[in-house]
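These notebook entries record what I looked up in the structure shown below. I kept each entry brief.

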Amino acid sequence: MITEIYKFEIQYRLKRPETYIFFLFIFLFALGGVEFIFEGKSLGLVKKNAPIVVAKTMAAITGILMMIVSLVMGTAVLRDFKFDFQALMFVNPINKKDYLLGKFLGSFTVLLFIFSGLLWGMILGEYMPWRHPDDLLPFQLKTYIYTFLTIVLPGLFFGSILFFVTGALSRSMMVIYTQGIFLFVVFILTKAISNEYLQAVLDPFSLTTTSRMVDLWTPEEKNVRLIPFSGVLLVNKIFWLAVGFLTGWIGYKKFDLVLNHRKKVKNKKEEVLTNDDDNFVFRKPEITLGTHFSDRVTQLFHLSWFYFISIFKQVSFLAILVCGGIIIMINSINLGTVHGVDSFPKTYFIIAELQEMSLYFFLIILVFYAGEIIWKERDVKFDLIFAATPIPDFTQVFAKFLGLSLIYLTLLVSLIFYGVSFQTLSGFYEYDWLVYAGGFFLELFPFLLLFTIVAFFFQVMTNRKYVGFILTLAFFVATVLVQALGVDHDLFLFGGKTLPSYSDMNGYGEVLSYFLLVKFYWLIFGMLLLIICSILMTRGTETTLKKRWDFIAQRFTPSLKKMTAVLSMIFIGTASFIFYQTNIENEYWSLNRKQTFRADYEKTLSKWEYLPQPKITDVELNLDLFPNKKEYFLTGEFLLTNKTESPIKEIHLQKLLDDQVKLENIIFNTPITINNSYEKFGYTIYTLKKPLTKGDTLKMNFTQTYKAKSFSGEKPRKGLNKNGTFLTNDDFPTFGYNRKYELEDPRTRAAYDLPAEKIILPENQKIEETRGRSISDADLINFSITTSTSSDQQVIAPGTLEKKWTADNRNYFTYKMEIPMINFYSILSGKYQVQKDEWLFKTDSTRTDLEIYYHQGHEYNLDRMMASMKASLNYYSRHFSPYQYNHLRIVEFPRFADFAQSFPGTIPFSESIGFVLDINDEKDVDMVFYITAHETAHQWWGMQIEAANVPGRNMILESLAQYSALMVMKENFPDHKIQQFLDLQLENYLEKRNKATKEEPPLAQVEKQDYIYYEKGAINFYTFQESIGAKNVNRALCQFIQDWNNQNGVLKKQTDRYPKTDDLLGYFREVTPDSLQYLITELFE
Amino acid sequence: MKSPHNRLFVVYPKTKPFDPNNLQTDFKAFKFVLKYRLLVGLNLVYFTFEGSKLANRPTGKLKNMNHLKITNLSKIYPNGVKALQQVSLDIPVGMFGLLGPNGAGKSTLMRTIATLQEPDEGIIQFGEFNTAENKMEIRKILGYLPQQYGLYPKVSAEVLLNHLAVLKGLTNKQERKEMVAALLEKTNLYRVRKQNLGGFSGGMKQRFGIAQALLTNPKLLIVDEPTAGLDPGERNRFYNILSEISEQTVVILSSHIVDDIKELCTNMAIINRGQVILSGKPQTLLKELEGKIYQKTIQKEERSNYHHHYQVLSEKLFLGNPIINILSETPPANGFTQVPATLEDVYFSNIEKNN
């Protein structure tokens, strides 16, 4: 008997199209699986077909596609109930064991066939055009088969038992759709377990487990070694198999072959009720049938509410609500974490977390519920009765749409409730309702609505529920891929782009109206699609698309036609307006166009990369900011000096490449001729009629204006903002070829026929050494600025505030730097509060003004910042050299970026990096203190000492700043905090090293690898000072500054080159006893 | 509300009606069910109720306005089955019976009239409306009970009926409430109105189906095998409702129960293989066979013999032995006795011819 049932199950499944659709879907998914799973993450030296990558991809895909396992396994028993087949099956002399086992094994066999698509897909994936041979090891069939057997198979088996049992016991389709989510919840829950071993054991998808297995392997090992089926992986698999078997056993015990008892009970009740009344008079009440528009509206709301309630009352829906809450509570624990310290649960952190977490949920809910609601009548065979009612087609479809929308609203409101509860429980009461509303109702909600319409559309077109599911998912994947391919125009990118992240200072920037218009445009599109759905939807027994197509003319009623006409007009109107704004008013740059431009820039202009240019020596700016109008006017005067030995004939001026910026009125105080042939690149060559000889100077005056296009989707970024303007020297004209416009990604470079890595020729090496920074058009400059802004803002620029006044309802400021500074300055404007203090240098009592400019409400960590500035200034000026300016300012800027950066006398500090950190002095390292100390250290390493633009540069700038900050910490915090900090650095270092794409260079040769110059730098320097003593290290650094500082360094004065790591290590060697000299080699070289 | 003058006196067969829901879960019974169902499917088993006398009711007045005219209706399914072939029927106000074996095209015809299916050819005209072109207009005056349907299991009878009432245009709350209550009472579901439909028996479900078909006082009522699953009492109750309604309404009814059609319908048609093979008033049709039907109880072994020699119309089992009805112009003697012609005989004689 069991073989009969087994065979029957397989034969049945093999006749069903779903089986093949699932297979095909998994197969296609697996083709791009590695790219999908590891999207954007660097694998470092590990190849894309290394065993660990294959294992993680397979495990993740299996986890994501647990819903297919559910759809296959869960329906095995349910099907018999659905088709009223159970009477036949259960009265047969079949015993329970045969029935269940036969069904299970049959379905599982089919499931294996379906999931073999994963194996074949991944194998063939190696030969896909998007794969790069550099990323691949030679093909190894063994890797795939072994991984499939050890990782996927047990997982499938466990999932199969679980879903088979729940499907058989619940006999509800919604349980089957949603149970995949619950397993996902378990997965998320395990992520919250702090014990790593336990976490690895309990991960149902074995993702954490496999990572843990290879934790300590080198990249080489990862490329060659298969993941042994032992240790924690074995325990993990055994654990889940045991859970599976236990579930199976319980299910077996609970399962009852006899029909529902419930029915019988009710039958009895009914018998009592039916036989007592033979009333045959049909008293016809008077009725009127509503035909007005208002009646249609009544019908629409009634039907929508009916659909809403029918889903809302389902147990599975409530379970989703509860699970959503659990996930959120657990995940919100790590909010806006910076270096291991959480931020205050500000609404924008919560919202970002909730959006990210709930997307997967919503996608599943959307795909399945949309299918379910479209098929609602047909699934219970109520469709003919329903279809014979005079409810208009569009009312019906639209009611389904509204019903689902109400479901989403319920979910969103409950998410907000969870978010607020979490904030309240954390003792944080600053609920930002507008941010909740923005994140959910402006961003997530339209997304859900649009994809629901798409899901409806596919359900209607295919008229097969499962095909509809798969196509909707495929469409979602396609929209992601299309975006990755560079389609980013809002008119074509389905649903438009996302909102920028919210900032307390600057809100969403200026994009909101544009964003809403784009959403409106897409929703109109969605409505048109809904009309198509309504006239094509199956109503009655004509199901073929062709038949339905033949009759659309009839179903396209005059009122629908009117509606379509109006919507189309609005659609075209909105489209034209958006097009006008993005492509005509603003210039539209597709990704491809941007890249081509950058490549052309390099190809055309890089021949002048080392062309001698005069250096800027004086900068005088006059800058008027109009934050509300998003405009600025800048007039500037640069004094240029020829510091080379030979005369300079040509000045190469580079304008900031931004369509909204105009550079005009360029006047040199000497006769010139203009060569405009590179205008496309904003690059102008001025030939001096009289060459500039050694030591000669030249004045250049210019006007630069910026005027933001009124209605653009441009996200807030560094530049002019409504509140939180952040301009730097980078935004103003530069001289010579500018490397910042080059393409960076090696692959992209190769695609545009550029060398993957830029090679610096030996003859240019010397020139690089004379450059303090990569764009080096100056050494030291004298700087002064007069600037104005709106009346509610103030501007912070480098230098002493010499004058401050108000005129024409605007605030004016004049700043002047007392001493020459590097050509690296920031100009910030915002509605700031300020906290002031001062610091006196012990030896001569020179006063330094300390100021923190912050956004109102962000007072949390001001004292820590202030304390850190003082402690840092103390330590550095005592041990390295005196502080060079009479002010040190921290200025907050909006969340469009999350860094803090040091400029002469000024440290712009992102809203999200330190201002809102919630530091628990018991358990956290005071990262605000640390970051402030680090940035303050840059006033020495960077402002006083510049390093040559050659490998190792960042060891001098960043690693020394790390060392300095650590020393300040050491003076102010107990040892265990330092240790905690170093442990975190080590952890980060190991993690980032795993992702590195290149061999790890020693510290002294470090280039762009931040994990080396930050994390490793901190650790190695700490070790170094432990061994030879901080005193000695500081002695060396003190000497280093004396010799190499850019103002009056003893050695620096004699040369035009900047110090390198060789120089620095020389000082270290001097202070290191012979016995420990090896340490320098070991730690740095 | 009791109304004794409408009480029916029905003589039931003495044996308990067969109820598949009371089956023991043993295999024999199961096989029996299967067989039973097969037989029903082939129209070989009938419940016949002797002497069921329905009150005489006036024939519906023929109103042109509510006259259904079907002209040359044809439908071929994608799999090649000719479901309807050149079907033409004139259906006036009153009850119209559709008789035919499974797969004859009854349901296709009814669905097409109910605007749920598109004919390949032909026209259906109801009053001033062409049904294919004015679907919404037809739906407004239509009551339809499909042969097979399901109901939302977790919704109560009252809620779903109310729901359908809104969909059908009963947007006035008070009127709707009254109508729903009246129908629930009418169909004897009032006391279980709060109960979820999932717990309904086949009969209760069917009564619900009837209730929903009557929601808007339809001018065109199409009921496809409405009495399947009803016990005889329920069935008669239902027919009474129909006959009341048919005074002003075109009621189209399909049934397996030949005698019911005879009793109920003022007009009827027999359909087989998508074709109308006979249509007219039941009484007229019966007259043609009057005096030509003979009956005999025979032994099982003799069956093929009799089938060979006579035009056997039907065969029933009585105490394990077959009783056969034959059609013969002359008395066959040989132990046959003449019996009055029934509609069943009309049906079989025509199906035979058609086959």
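**Entry 1**

I looked up Arg273(B) and found it partly exposed, because 18 other C-beta atoms lie within 10 Å. The scale I used calls a residue buried if 20 or more other C-beta atoms lie within 10 Å of its own, exposed if 12 or fewer, and partly exposed in between, with C-beta atoms placed from the backbone. I note that this is a predicted model, in which local features need pLDDT of at least 70 and side-chain atom pairs count only at pLDDT 80 or more, while totals for chains, interfaces and linings use all residues. Residues are numbered from 1 along each chain as its sequence is written, and chains are lettered from A and ligands numbered from 1 in the order in which they are written.

Arg273(B) sits in the loop between strand E9 (267-272) and strand E10 (275-280) of chain B; helices (H or I, at least four residues) and strands (E, at least two) are DSSP runs, numbered from the N terminus. Its phi is near 50°, a positive value in a residue other than glycine.

I then turned to Asn217(B), whose phi is near 50°, also positive in a residue other than glycine. The loop that holds Asn217(B) runs between helix H6 (202-213) and strand E7 (220-224) of chain B. Asn217(B) counts as partly exposed because it has 18 C-beta neighbours inside 10 Å.

**Entry 2: domains**

I read the domain bounds, which come from an automatic or database domain assignment. Chain B is divided into domain 1 (68-151 + 200-281) and domain 2 (291-339), and their C-alpha centres are 33 Å apart. For chain A the assignment gives domain 1 (2-264), domain 2 (295-573) and domain 3 (591-791 + 799-815). The C-alpha centres of domain 1 and domain 3 of chain A are separated by 57 Å.

**Entry 3: nonpolar cores**

I searched for nonpolar cores, sets of buried Ala, Val, Leu, Ile, Met, Phe, Trp, Tyr and Cys residues joined through C-beta atoms within 7 Å. The largest has 235 residues, and those with the most contacts inside it are Ile26(A), Met58(A), Phe456(A) and Ile252(B). Helix H22 (residues 433-462) of chain A gives the most to this core, with 16 residues. Another core lies apart from it and has 111 residues, including Val619(A) and Tyr853(A).

I also listed contacts of Ile26(A) (C-beta atoms, placed from the backbone, within 7 Å). Leaving out residues up to four places away in sequence, Ile26(A) touches Leu65(A), Ile114(A), Phe115(A), Gly117(A), Leu118(A) and Gly121(A).

Notes. Contact = placed C-beta atoms within 7 Å.
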